[in-house]
Amino acid sequence: MADEKTSTIRGCIKSSRGPWIVHRTTKDGIVTKYRFPSDRERQNNKQRERRRRAVARKIFAGLRQQGNYKLPKHADTNDLLKALCEEAGWHVEEDGTIYRNKV
């Protein structure tokens, strides 16, 4: 029993059927409530997220091929910003510190 592993899906697309936890800020502080979305709403969210990821994947692939950007396989917007800064003559550290390259 101690050796059992549970597989979880990471990211926005979840397979669980439970309620969504919503945090709202009110004048009394932060309020946590539960939402029970319909199956149609869940399906629309999955399709929207897949479409968003597909568009980002196409953009990054195009930048790799035609823009000669050296982006990792699973690039995100931070990697893209780092590559743009490097092209503009700025050096970006791993912690996010940037400074001008000396020529």
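Just after helix α2, G89 adopts a positive phi of about 100°, helices being DSSP runs of H or I with at least four residues and strands runs of E with at least two, numbered from the N terminus. The model is predicted, so that local features need pLDDT of at least 70 and side-chain atom pairs count only at pLDDT 80 or more, while totals for chains, interfaces and linings use all residues. Residues are numbered from 1 along each chain as its sequence is written, and side-chain values use heavy atoms, with hydrogens and water left out.

Helix α1 (residues 39-66) is followed by N68, whose phi is also positive, near 55°. The buried residues of α1 (under 20% relative accessible area, with exposed over 50% and partly exposed in between, for a 1.4 Å probe and protein chains only) are R42, E49 and F60, and they pack against β1 (20-26) and α2. F60 also belongs to the largest nonpolar core, together with Y69, L71, A75, L80 and A83; such a core is a set of buried Ala, Val, Leu, Ile, Met, Phe, Trp, Tyr and Cys residues joined through side-chain atoms within 4.5 Å.

The structure holds 4 salt bridges, each a side-chain nitrogen of Lys or Arg within 4 Å of a carboxyl oxygen of Asp or Glu, among them these:

| Pair | N to O distance |
|---|---|
| R35 and E41 | 3.0 Å |
| E49 and R53 | 3.1 Å |
| K82 and E94 | 3.2 Å |

E94 is exposed because its relative accessible area is 73%.

How values were computed: Contact = heavy atoms within 4.5 Å.
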